[in-house]
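Here is a structure to walk through together, starting with a sheet and ending at a single side chain. Have a look at it before reading on.

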Amino acid sequence: MDGSTPKDNISVLSSPFSSANVSALLKIKIISWSQETGLPASVCVRVGDRLFNLHKYPLFSKSGYFNRELTDSNEVVLPQDFPGGPETFEMISLFVYGSSTLVDPFNVASLRCAAEFLEMTEEYTSGNLCERFDIYLNQVVLQSWEDTLIVLQKCQSLDPWAEELLIVSRCIESLAFMACMEILDPERRREQSVVTLEALSAQRWSSEMVQEILTQDVWIKDLMALPFGFFKRVIGSLRRQGMKEKYVSPVVLFYANSTLFDEKGAKEDVSCLLKGILDLLQIGDKGSRVIPVGFYFRLLSESLKLKLDKEYTLKLQNQISGALHMGRVEDFLLPESGIDDVASSIEMTTMESIFSTYVVFHLCPNNGTPSPYNSVVAELWDAYLTRIASDAKIHTKRFMELIELMPISCRQNHDNLYKALNIFLQVHTKLSQDEKSMVCKYLNCQKLSNEVCIEAVQNELMPLRLIVQALFVQQLSTHRALKECSDSFRYAHCGDFSGSIPSSRFANSRSQNLVESPCFDVQDTRNQPLSFLLQNDSEKPEFCKKEYESTSFRIQTLEHQLMVLKRSIQLQNTSKKREQGSKKVDPVRPYGSEGRTMSKKRTPLGQVTSCIGTVNLASQRRYASRLLNVFRRFSLFGRAKAKKKPSVTGVWPKPM
């Protein structure tokens with residue numbers, strides 16, 4: 001387990017000693033024995049389709065089985081389930097004749113089982129084969145990771161002998177112990193830390209990610225080559241020996257990925273294999289809650305394809321719903337392409353069931369405290385709706401049911417909901433204005449980002465009511481931005497002096513609530529709140545259209561006026577700098593020194609000195625008044641000349 005490259009499957013399943021060499025050595029031993037004793041090979045032993053002519057004494061003296069069978073006959077037929085078959089008996093015969101040079105990890109398991117079958121124990125001779133093979137297993141094989149894996153692989157064909165002799169159990173315990181030592185790494189041989197569940201949960205589950213990790217942790221890759229029965233017992237031994245669950249669960253995940261999802265992997269009874277893996281993951285325990293949600297979705301997808309028992313699919317759905325906030329839209333179940341009815345597909349129904357489970361059990365738990373992940377789950381659901389909204393066969397009522405699955409109060413951001421509605425309206429182009437308004441009734445422009453809100457204003461597919469609301473929200477956002485800009489401009493250029501205009505002097509200063517207009521005048525329809533405008537949407541659509549056009553021209557006018565104001569300020573600053581450059585520059589004095597020393601030169605009346613330059617107070621008041629007038633005009637919702645000519649559009653109002 002020191003990072004060496006594991007042996008491939010071919011080398012694991014074949015011994016370096018060929019059968020032809022063993023047969024040649026056995027013939028030499030038989031001939032030598034006949035020459036030394038002068039006795040012929042009088043015993044005939046049949047194993048499978050092969051016949052062995054051997055001497056009676058070596059077999060009679062070392063094997064309890066032959067001791068009984070050769071009492072009345074010189075012919076023995078071994079059963080078909082003889083451990084190892086003819087090749088193993090051939091090697092046992094070599095040991096009977098005194099050879100001891102052909103034991104290796106590839107044949108020691110079958111030799112030990114065959115010796116047990118033939119009863120070659122200490123009862124018949126000292127240092128018999130059973131004891132010799134046990135010593136080799138304990139002192140050589142079980143001390144090496146690679147040799148133990150080889151023996152465990154060979155034990156697959158030696159059941160039940162390998163189980164009864166505890167060869168499998170000893171190999172499994174040895175592998176688990178060495179894996180724990182690999183995690184502890186007492187000799188500090190590892191350059192990178194062992195993969196944990198925390199590291200996996202932060203990544204998207206994919207076969208490429210698994211392969212990258214397996215190149216670092218070779219011991220996990222070796223365990224993945226075991227059959228599931230042995231692998232399951234190794235995992236149990238790892239937990240008994242104290243390995244933490246954060247190290248054990250990734251091994252199970254990688255094994256499932258190689259056997260269930262990898263097309264190159266060996267395909268056993270996939271249904272039983274999937275059930276066994278779900279049992280190994282201990283669904284419902286705290287340790288399994290940090291397993292990547294993408295992996296659970298892969299298991300769920302495979303369960304649906306195999307039509308697994310509903311008990312297992314429900315367990316997976318409940319497990320996913322508990323960690324839904326850690327999921328990714330890319331991992332969600334999507335209906336297969338070309339399906340007739342997406343809305344009623346098994347994938348769509350399953351996803352709907354998962355989010356419904358979250359709403360029931362996690363939206364507001366028993367303690368009454370809402371989950372902090374509600375907004376995250378709501379955004380995930382809206383993002384999932386963008387994947388299925390392109391289906392033209394989804395009816396309006398069905399799509400609204402999907403939107404209502406997550407409560408509107410959970411949605412802190414409506415960007416994904418807007419994208420889903422936009423895709424739905426692009427596909428369903430024949431919807432009336434009333435149907436569009438009904439579908440979009442849950443979309444709140446106040447919860448849209450600035451970019452999406454601008455897009456909504458320009459989107460002709462959206463109902464007029466939503467466009468007006470988005471335009472109003474965008475107007476207020478621009479108003480606040482300009483107000484902050486003007487406040488910072490006054491503070492930077494004028495400081496805090498008596499000539500500045502405080503915010504309390506604004507004639508129409510009110511709370512900037514997004515529900516109503518910043519200025520309200522019952523005598524002018526231009527200053528009505530947004531609720532008044534939206535109320536007239538259904539009653540007077542022509543009124544909303546005129547107000548929309550009026551506000552659009554108003555924004556363009558204000559932008560033009562602000563540019564003029566900016567140029568005027570820049571020209572004045574340039575002229576001031578030129579005047580100051582022509583005058584004699586006084587020596588720099590510390591701040592406040594003018595008040596402590598007698599100076600003949602004083603600041604002229606009506607002029608204030610700031611950290612940037614000298615600004616005339618009267619001029620400052622004039623520009624502040626113009627800026628205030630801009631804000632007043634900008635806050636009005638309507639045209640400046642609406643009272644005089646309410647039906648004329650496209651005419652720019654006079655500049656201030």
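Let's begin with the open sheet: three strands make it up, in the order E2-E1-E3, with mixed pairing. Its edge strands are E2 (50–54) and E3 (75–77), each of which pairs on one side only. From one strand to the next, the twist averages 20°. Strands here are DSSP runs of E with at least two residues, helices are runs of H or I with at least four, and both are numbered from the N terminus. Two strands pair if DSSP finds at least two bridges between them.

Keep in mind that this is a predicted model, where local features need pLDDT of at least 70, side-chain atom pairs count only at pLDDT 80 or more, and totals for chains, interfaces and linings use all residues. Residues are numbered from 1 along each chain as its sequence is written, and side-chain values use heavy atoms, leaving out hydrogens and water.

Now zoom in on E1 (residues 43–47), which pairs with E2 in the antiparallel sense over five bridges. Across from valine 47 you'll find arginine 50 in E2.

Is glutamine 474 buried or exposed? It's buried, because its relative accessible area is 16%, and buried means under 20% (exposed is over 50%, partly exposed in between; 1.4 Å probe, protein chains only). Leaving aside residues up to four places away in sequence, glutamine 474 touches Asn450, Cys453 and Ile454, where contact means heavy atoms within 4.5 Å.

Methods
Axes are lines fitted to C-alpha atoms, for helices over the stretch in contact, and angles run from 0 to 180 degrees between N-to-C directions.
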